[in-house]
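Please keep the sequence and the model at hand while reading.

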Number of protein chains: 2
Amino acid sequence: MTFKSDIEIAREARKQPIAQIGEKLGIPSEHLLPFGHDKAKISQDFIKAQANRENGKLILVTAINPTPAGEGKTTTTVGLGDGLNAIGKNAAICIREPSLGPCFGMKGGAAGGGYAQVVPMEDINLHFTGDFHAITSAHNLLSAMIDNHVYWGNAEDIDIRRITWRRVLDMNDRALRSIVTSLGGATNGFPREAGFDITVASEIMAILCLAEDLEDLQRRLGNIIVAYRRDKTPVYCRDIKADGAMTVLLQQAMQPNLVQTLENNPAFIHGGPFANIAHGCNSVIATKTALKLADYVVTEAGFGADLGAEKFFDIKCRKAGLSPNAVVVVATIRALKMNGGVAKEDLGAENVDALKKGCANLARHLENIKKFGVPAVVAINHFVTDSDAEVDALKTFVEGEGAKAILCQHWEHGSEGTKALAEHVVDMIDNFNGKFSPLYEDNLGLADKIEKIAKEIYRADEVVMDKKVLTQLKNWEKAGYGDLPICMAKTQYSFTTDPNMRGAPTGHSIPVREVRLSAGAGFVVAICGEIMTMPGLPKVPSAEAIKLDDAGQIEGLF
Amino acid sequence: MTFKSDIEIAREARKQPIAQIGEKLGIPSEHLLPFGHDKAKISQDFIKAQANRENGKLILVTAINPTPAGEGKTTTTVGLGDGLNAIGKNAAICIREPSLGPCFGMKGGAAGGGYAQVVPMEDINLHFTGDFHAITSAHNLLSAMIDNHVYWGNAEDIDIRRITWRRVLDMNDRALRSIVTSLGGATNGFPREAGFDITVASEIMAILCLAEDLEDLQRRLGNIIVAYRRDKTPVYCRDIKADGAMTVLLQQAMQPNLVQTLENNPAFIHGGPFANIAHGCNSVIATKTALKLADYVVTEAGFGADLGAEKFFDIKCRKAGLSPNAVVVVATIRALKMNGGVAKEDLGAENVDALKKGCANLARHLENIKKFGVPAVVAINHFVTDSDAEVDALKTFVEGEGAKAILCQHWEHGSEGTKALAEHVVDMIDNFNGKFSPLYEDNLGLADKIEKIAKEIYRADEVVMDKKVLTQLKNWEKAGYGDLPICMAKTQYSFTTDPNMRGAPTGHSIPVREVRLSAGAGFVVAICGEIMTMPGLPKVPSAEAIKLDDAGQIEGLF
């Protein structure tokens, strides 16, 4: 049995003109700003005019802790969206925009896979509608204006050793992680240590994804802390007078992007912040717009449920006033077996015992989701190597946990493979009487919030924070930031801070090495481990094989 | 008398849908890739299909040496295009894309002015269709791959002190001119001196503007010299295997952009290389496409005619096989008076004597253009302070030079103000029997080419090149680069290398400080003076005043 590659399937797609996709959602074509014939942005005016409409139902797709075996969260999000449409519902999906830089390293594209994809996949993975470029420009304008401020007299008395605002590029470039700028003499400014992050790590990306509208965007941009004065007081972006021009640069990027799935169903792809130092969800404005226009909206969050779902609930939903109605936890037999101790090269062989052992990871995520008051279902993202015995064992296990696991074959069959999941999700939403609530209250102390997440979600025995961290948190509380939510930056591979501790470990402690205030985005980042904000390229970057073929089609990107 | 601002006029424009503009040129809408409702790229397939059509007539708009008084080259290009359409001709214009970075410094937009503008002006001056972002990405991908190559073992034996390929951002950021990268330990690579230029200074920008098609683009990208080995031999982009992925990143950027003038006539805006270290003309692909679709094509070149027109003829036209049919030299009474010694603050007062004195600058440009075998006319870009006596004196002077000067009032009246110029240009083309030829032959020695330009165009007595420069040129000739044209990098304010020497100086010498090989673009740059490739921001950057007003319209950009 041979399968077509993702790109082969994508190229065979019978795309509809984007105006036709907009029509399905009731968007008149004059409110679609086209980018080519198959991509569009939705106008601000149209979005504003929908404010009083009722919201559809919001479904989160999350996953067990990721393993090198892969889970297929985006693929399942696409598949479920198509499945809901296939059973006659008016559904849309909301996913994140992929980053350009990693495409040239080793990560492939991020537009689903098999028969559950969004198209045009090449465009989506390359420049798309220019959102990331706009963020790069806005970010670096602020950087240039900070150094320029210092150069022309430093009226704000910025301590150049304490400029926290770095620069960004949408590129994997390790040489830029740590640099010294303004060398070469007086006309180039004051030499100082600086560096670049990848664009998705920019606080502006998180801001764009949390802002309600352009006004809120500018307010948040103005609130960014860019440096500290010699007297240790913070210097804000608005002190540098950059927030207005940055908003202008981001005006178009704030409008959600509309594309389509292979089955011609509407897909919003907008925003893509890091899932460690940021919250890892697509934009609030896209999700809210989708909820006004569709009866069911399927969205995803980064990494596993311990990080992704928790932040989706506690940051995105809390701050945007969203009330999610259901959760789908994606698991694969292969990844569960890895969680049960099987090595990657042995995953092809049936191993029901390892599967059962690995299910402890899934069980804990299901338990955690209950704490937010939202009903959950497990989607088994089917792989050809899965045996019937394994699938049955997984189903039985999940039933024992009081939930249901449904075999999904969207990768191979598109919506035909997710109709059962779609029916169940609709049922679950119709019959559930609970109510979503975040894990902690706004007014809980910052340190207590961290502790609550660590103990109730990660099941740690203790949180280790030294005095410096605790003092910092106290100072932020005094400065009025006490009601912010926490954004945990931790390895995605484990409930603990050790990426090799798979399954459902207990008895561990969570050390918080550092805390950072993202005053513009509106959260406090608690860093529990090494966080890489500028990746490097591998020895043989995928870029070496990327080229146009004789027909002008892109080769090697996926 | 009060005048509306450029932005006020632009906002009142009755834009036609871009498909309608395309229709005027015979482009079917499926071959227009829309960006919003008022911008589009033209498909490669459509362009290829026009190859056997006859070409229209090509008109270059150039100018006297620029002064702070302004000349209005782009404005006159737009005005003449509209004027040609107004007298019943099928005409299009081809201008350069403005750079984003300088918009936030002190330079205003670059989309014409008054009633001779291209729209949508805000978009054109901001992200437009993403071409500059694509160039930035392609450039920095190569940069990252070079450092990555060194990091993973340096198989090509690159001398890290001799990496000539820098990085770029479309931003005025002096802090990035001279930096040290890869600090912070072994995982970040080998520390070395590096730096950023502004995107328009990238050799990729020059390549995009000279490439015939995507194949030619990739070939030229592969030919870029990025570094030298420890044995001094050059390392090419293709040795780093980056050319394929760079071509993919630039695929869409290679397609010319179509917009419209205020009078709904077609305008191609595509590419915008530096006019010093590069050739300063819009893209060959846009010009050639326009020539297939319109009977008259009006285009512009950077700076004054000594730099702009010479490079247009000797680099762009020579290499692209274009045969220009007429030249318009833009002059203003004010700028001529400045060339005649009047200070900027005294320009409002009538001063016929100073005007006559300044005309020496104009006369020399007219003489120079004759050497290329193309007929010329002077366009007097009218300002409200110009007196009748001054205008008459200028007309008489130009008649004495065997040419004609025509008063143009497009800024105030649109095409009504350029009909006379348009009629004259058509006449001139119909009645001229000469033939364009470049200033020098391909097979002249590189040093001799520099000398010929300096003596015949700049009227220098001598060229000063030290032994190192001469040896370098000889070595390039031996390496097979001897037939390349020269790209002079010199101040735009004077025929000499001293920006304060206005008028028509003689007896000067031209020192060539340095020569650089742009092996991908296909020219040798002769640097005669300080060339700034990364601007800085002024004390009060215009960015501080740029913002969205309550209606969501951009304030402060112009």
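## Ser182 of chain B

A polar contact is a pair of N or O atoms within 3.5 Å; within protein, one must be able to donate a hydrogen and the other to accept it, and residues adjacent in sequence count only if both atoms are side-chain atoms. Such a contact is made by the side chain of Ser182(B), which reaches the backbone oxygen of Asn188(B) at 3.0 Å. Ser182(B) belongs to the loop between strand 9 (179–181) and strand 10 (192–194) of chain B. Helices (H or I, at least four residues) and strands (E, at least two) are DSSP runs, numbered from the N terminus.

Ser182(B) has a relative accessible area of 2% and is therefore buried; the word buried means under 20% relative accessible area, exposed means over 50%, and partly exposed lies in between (1.4 Å probe, protein chains only). Contact means heavy atoms within 4.5 Å. Leaving aside neighbours within four places in sequence, Ser182(B) is in contact with Ala175(A) and Ser178(A) of chain A, and with Asn188(B), Gly189(B), Phe190(B) and Pro191(B) of chain B.

## Basis of the model

This is a predicted model, in which local features need pLDDT of at least 70 and side-chain atom pairs count only at pLDDT 80 or more, while totals for chains, interfaces and linings use all residues; side-chain values use heavy atoms, with hydrogens and water left out. Residues are numbered from 1 along each chain as its sequence is written, and chains are lettered from A and ligands numbered from 1 in the order in which they are written.

## Relation of the two chains

Chain A can be laid on chain B by a turn of 180° and a shift of 0.0 Å along the axis, with an RMSD of 0.0 Å. This is the relation of a two-fold axis. In chain A, the C-alpha nearest the axis belongs to Phe35(A), at 2.3 Å from it. Both copies use the same surface, since 100% of the contact residues of chain A recur in chain B. For this comparison, copies are superposed by least squares on the C-alpha atoms of residues with pLDDT of at least 70 in both.

## An annotated stretch in chain A

The UniProt annotation "binding site", from an unreviewed entry, covers Thr67(A), Pro68(A), Ala69(A), Gly70(A), Glu71(A), Gly72(A), Lys73(A) and Thr74(A). UniProt positions are given in the numbering used here, feature names are shortened, and annotations may be inferred rather than shown by experiment.

Glu71(A) lies in the loop between strand 3 (57–63) and helix 4 (73–86) of chain A. With 12% relative accessibility, Glu71(A) counts as buried. A polar atom of the Glu71(A) side chain lies 2.9 Å from the backbone nitrogen of Thr67(A). Beyond four places in sequence, the contacts of Glu71(A) include Val330(A), Thr332(A), Ala335(A) and Asn381(A). Thr74(A) is placed in helix 4 of chain A and is buried, with a relative accessible area of 17%. Not counting residues up to four places away in sequence, Thr74(A) touches Ile95(A), Ala111(A), Gly112(A) and Glu300(A).

## Thr332 of chain B

Where is Thr332(B) found? Thr332(B) occupies the loop between strand 17 (326–331) and helix 12 (333–339) of chain B. The relative accessible area of Thr332(B) is 0%, so this residue is buried. The side chain of Thr332(B) reaches the backbone nitrogen of Ala335(B) at 2.9 Å. With neighbours within four places in sequence left aside, Thr332(B) is in contact with Gly70(B), Glu71(B), Asn381(B) and Phe383(B).

## Helix 8 of chain B

Helix 8 (residues 214–223) of chain B is mostly covered, as seven of its 10 residues are buried. Among these buried residues are Leu214(B), Leu217(B) and Leu221(B). The cover over the buried residues of helix 8 includes strand 25 (547–548) of chain A, together with elements of chain B such as helix 3 (44–49) and helix 7 (203–210). At the start of helix 8 of chain B, a side-chain oxygen of Asp213(B) comes to within 3.2 Å of the backbone nitrogen of Glu215(B).
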